[in-house]
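This briefing goes with the structure shown below. Please keep the structure open while reading.

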Amino acid sequence: MSPFLLLGIVLIYFALLMTITYVTSKDDSNQIFFKANRNSPWYVVAFGMIGASLSGVTFISVPGWVGSTQFSYLQIVIGYFIGYVVIALVLLPLYYKMNLTSIYEYLLQRFGPKSHKTGAFFFLLSRILIASFRLFLVVSVLQYFILDAWQIPFEFTVVISVLFIWLYTYRGGIKTIVWTDTLQTFFMLASVLFAVVILLQQLPYDLKEFLSSENFSTYSKTIFYEDINDRKHWLKGMLGGMFIAIAMTGLDQDNMQKNLTCKNLKDAQKNVISLGLILIPVNLIFLFLGALLFTYAQKYQVDIPVIEGKMKTDLLFPKIALAEGLGSGFGIVFILGLIAAAYSSADSALTSLTTSFSIDFMHIDAKEKGENKKLRKRIHLLFSALLVLIIITYRYLLQDNIISSLLLVSSYTYGPLLGLFSFGLLTKYEIKEKWVWLVAVISVLMSYLINSYSVILFSGYNFGYEILILNGLFTYVGLFLIRHRKHQIKN
């Protein structure tokens, strides 16, 4: 497929985003940037969050993961739904009651400034790494299938990609994101459904025949219960998914910032529950697409792409979609879906990073009105530059499937947040704040070491993403050990 045509599609898409930006960002005050005046319709937020929750990682990496893990990812997604229920019933009422802009302000009021900054720091670390993971994937595809043809350096592609995001977010912030995410979710879901239809037409099956075929059964095993030591065991998947959702959504400024733009608590709860429900069939479609892709690759002898000697199942979907044999229409729809999925998560991540750093570290609300807007824009630019540097670094470090790497990193970096919020909500103890940061760091290190040597320590046991639970537990126990024994908060 012509690189010129693909590049034209990308530019037209960004023109659409800039049009939405123009309409939504006429008021570029901090109140609009951070909260959208709490006037967003819940159903618009919920639909847009589908794209932001899935991202380019789901769009490419989940289908690519089917070859090695089959449909086991659905176990994690079911766990997500349980986690979303906890968020709706426990965390959202707290955030609305306290009228928070940054959710880490809860830690300030519950424990004090050092806990506040520790929690905000781990969010910043988590979100910058994860946003970079997600954007790295789409930039790699654009580089591999478009810009390599013109010998354009990868670094230049990264800079231009982040620049586009900065252009349509630096004024309107979360208000713009709520509406651009709606457009991007539509393109993403439409493209994956289109891909399923096209691939079925290329195989000697209709839908019913494929579902009953040996090819589908090869990839579609969902529940793994035989060996508790297996990373794919169903209990690990569901527990890991539940706590990943609580940590990566409920304790994450990126996702909660959108929920807090809803008019009231009831609307925000409807948003979260409906999102959790719809993610189950949506992810099932992505897994089904993965089975189709591997079946198609086997039938037509399509090799999995190899980059610098490493097999990249993440690139199987783009390789098939952009092949000449399936027509330019498939390639166009794929590119639209990919950039929609990737940028719907990257743009909101950049906005939430700006919000958290502005509120939690720079205390922007305490500054003069004219000065605080300028400071917010400088912070936004700073995080844009940081995204560029980290994405470039990933090119030389990442070896695993992207979604596997993303969830593993999340299990380490969100653990201290899980422990801090749990201890705050479940106990009335005050703590010796000067040790909070050390508890958090030790918890991450202990989790990493136990995960690395679990096979030796626990007779062959392999941790899955339930390492997040252990990480949070270490933080919880550490906070208990540094508590003030005679001081508890009053009711």
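The model is predicted. Its protein chain holds 21 helices and 4 strands. Of the 491 residues in the chain, 58% are buried.

**Whole chain**

- Among contacts in the protein chain with a separation of 6 or more, 85% join residues 24 or more positions apart.
- The accessible surface of the protein chain is about 19800 Å², and carbon and sulfur atoms contribute 65% of that surface.

**Helix α6**

- Helix α6 covers residues 113-145, which is 33 residues.
- Because 26 of its 33 residues are buried, α6 is largely enclosed by the rest of the structure.

**Packing of α6 against α18**

- Helix α18 comprises residues 415-426, and its axis comes within 9 Å of the axis of α6.
- The two axes cross at roughly 145°, and the crossing of α6 and α18 is left-handed.
- On the α6 side, Ser115, Thr118, Gly119, Phe122 and Phe123 take part in the contact; on the α18 side, Pro416, Leu417 and Leu420 do.
- The residues of this contact comprise 5 nonpolar, 3 polar and no charged.
- In general, an α-helix has 3.6 residues a turn, so residues three or four places apart point the same way.

**Thr118**

- Thr118 is part of helix α6 and is one of the residues in α6 that meet α18.
- With a relative accessibility of 8%, Thr118 falls under the 20% cut-off and therefore counts as buried.
- Beyond its neighbours within four places in sequence, Thr118 touches Leu420, Val436, Trp437 and Ala440.
- Of these partners, Leu420 also belongs to the α18 side of the helix contact.

**Loop residues with positive phi**

- Gln151 is not a glycine, yet its phi is positive, at about 55°.
- Gln151 sits in the loop between α6 and α7, the latter spanning 154-169.
- The relative accessibility of Gln151 is 73%, so Gln151 counts as exposed.
- Gln301 is likewise not a glycine and has a positive phi of about 55°.
- The loop that holds Gln301 runs between α13 (265-299) and β1 (306-307).
- Gln301 has a relative accessibility of 70% and therefore counts as exposed.

Methods
Residues are numbered from 1 along each chain as its sequence is written. This is a predicted model: local features need pLDDT of at least 70, side-chain atom pairs count only at pLDDT 80 or more; totals for chains, interfaces and linings use all residues. Side-chain values use heavy atoms; hydrogens and water are left out. Helices (H or I, at least four residues) and strands (E, at least two) are DSSP runs, numbered from the N terminus. Buried means under 20% relative accessible area, exposed over 50%, partly exposed in between (1.4 Å probe, protein chains only). Contact means heavy atoms within 4.5 Å. Accessible areas come from the Shrake-Rupley method with a 1.4 Å probe; for residues, only the protein chains shown count as cover. The expected span of a helix is 1.5 Å times one less than its number of residues. Axes are lines fitted to C-alpha atoms, for helices over the stretch in contact, and angles run from 0 to 180 degrees between N-to-C directions. A crossing is left-handed if the near helix is turned anticlockwise from the far one by less than a right angle, and right-handed if clockwise. Ala, Val, Leu, Ile, Met, Phe, Trp, Tyr, Cys and Pro count as nonpolar, Asp, Glu, Lys and Arg as charged, and the others, Gly among them, as polar.
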